[in-house]
Amino acid sequence: MPIDITATLNTIKTGIISLGTTQLKAYLPQVQADAQSIADAIKGNIENWTSQLASGEITTDDLKFLIAGSKEYLEIAALTQAGIAQIQLDQFKQGVINLIVKTLTALVP
Amino acid sequence: MLQITKLLTKTGMLKTEKRVGRKLNMIKKNKRTKNLLYLLFLGTAAAFWGCNLMGPTIASYDQYAYIQTTSLKVDALNLMDSAIYSYQSEIKNVATVKINIQKLYEYDKNRAKNGITVKQWQILMDTNGHLFGGFLIRWRNSGKLKKAFIDDVKAIVDSSFSQIARLESRKVQTAN
């Protein structure tokens, strides 16, 4: 049976697009949720620290330390997101490989 | 039919038609060849990709690293609670926790493609920073610290450890 190369290439192309779309749809809401959670935590902290400073529970130096610590925490959180993005990319790459191998294998009678 | 063929041959139109027809066949064959080559390329690229020549870009999941991270988080936060006491009275506990974190840091440093996690540990433990490493220095310099401040820093350090553990938990497990 002759191989329909054009159809095969179209199958692969469509499969890759679908894979990318599905993965991106799952990943983006997660990123948004993470960003929101971090923003909420920081907002809560700043409100708390301001109140503590006013009541004398912490000093100005303490507040500076806490703010600097928050920035460093944000760096760590950003690295987590970068790592998760790399994991997603690796999974996408593996998905593409599996798709291509599966499609080409199906051509062999 | 023969007369038409003779006429067409005379005017050279048949030759042209044959030439065009041959050219069209060549184009079709070339397109098929191109597509076949493209498919072969895709298959080879997929094979190389699968053979780790273009492999994963980040380390795979390590259960030891994950368990140690979560365990050391508890140790670090407990130690921070002790900062209401003098640094000197807790110096042995400080050394123990620092050494254990250092051991995990060295372990993570030697895992392939684990640069992101290593960077996270560096930020957390930086003695010039304002997370766990910086907290220990502040405690040492101040003698003891106030509970409100300890609790505030603890919350940030807690979240920082959790980020490191979270990334580890998301890494892909490889089959053993």
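1. Glu90(B) counts as partly exposed, because 17 C-beta neighbours lie inside 10 Å of this residue, and a residue needs 20 or more to be called buried. This and everything below refers to a predicted model.

2. Glu90(B) sits in the loop between α3 (63–81) and α4 (91–109) of chain B. Once its neighbours within four places in sequence are left aside, Glu90(B) is in contact with Ser82(B) and Tyr85(B). From Glu90(B) to Leu79(B) the C-alpha to C-alpha distance is 8.3 Å, with the two residues eleven apart in sequence.

3. On chain B as a whole: the secondary structure consists of seven helices and zero strands, and along the sequence the pattern reads α-α-α-α-α-α-α. Of the 176 residues in chain B, buried residues make up 23%. Among the contacts in chain B with a separation of 6 or more, 70% join residues 24 or more positions apart.

4. On confidence: chain B averages a pLDDT of 86, and 69% of its residues score at least 70. Where pLDDT is low, the predicted coordinates should not be read in detail. For the complex, the predictor gives an ipTM of 0.86 and a pTM of 0.79.

5. Turning to chain A, helix α1(A) has 51 residues and spans 75 Å from its first C-alpha to its last, close to the 75 Å expected at 1.5 Å a residue. Helix α1(A) is hardly covered, with a count of two buried residues among its 51. After α1(A) comes Gly56(A), whose phi is positive, near 85°.

6. How do α1(A) and α2(A) run relative to each other, and at what angle do their axes cross? Their axes come within 10 Å and cross at roughly 170°. That angle is over 145 degrees, so α1(A) is roughly antiparallel to α2(A). The residues of this contact between α1(A) and α2(A) divide into 17 nonpolar, 13 polar and one charged.

7. Between the chains, 36 residues of chain A are in contact with 35 residues of chain B. On the side of chain A that touches chain B, the elements giving two or more residues are α1 (5–55) and α2 (60–107) of chain A. The largest share of that side, 26 residues, comes from α2(A). By class, the side of chain A that touches chain B has 21 nonpolar, nine polar and six charged residues.

8. The axes of α2(A) and helix α5 (residues 115–125) of chain B come within 10 Å and cross at roughly 170°. Helix α2(A) is therefore roughly antiparallel to α5(B). From α2(A), the contact is made by Glu72(A), Glu75(A), Ile76(A), Leu79(A), Ala82(A) and Gly83(A). From α5(B), the contributing residues are Ile116(B), Lys119(B), Gln120(B), Ile123(B) and Leu124(B). An α-helix has 3.6 residues a turn, so residues three or four places apart point the same way. By class, the contact of α2(A) with α5(B) has six nonpolar, two polar and three charged residues.

Notes
Residues numbered from 1 in each chain as written. Chains lettered and ligands numbered in written order. Predicted model: local features only at pLDDT ≥ 70, side-chain atom pairs only at ≥ 80, totals over all residues. Contact = placed C-beta atoms within 7 Å. Helix = DSSP H or I, 4+ residues; strand = E, 2+ residues; numbered from the N terminus. Nonpolar A, V, L, I, M, F, W, Y, C, P; charged D, E, K, R; others polar. pLDDT = per-residue confidence, 0-100. Axes fitted to C-alpha atoms, helices over the stretch in contact; angles between N-to-C directions. Parallel < 35°, antiparallel > 145°, perpendicular 65-115°, else oblique. Expected span 1.5 Å × (residues − 1). Buried ≥ 20, exposed ≤ 12 C-beta atoms within 10 Å, placed from the backbone.
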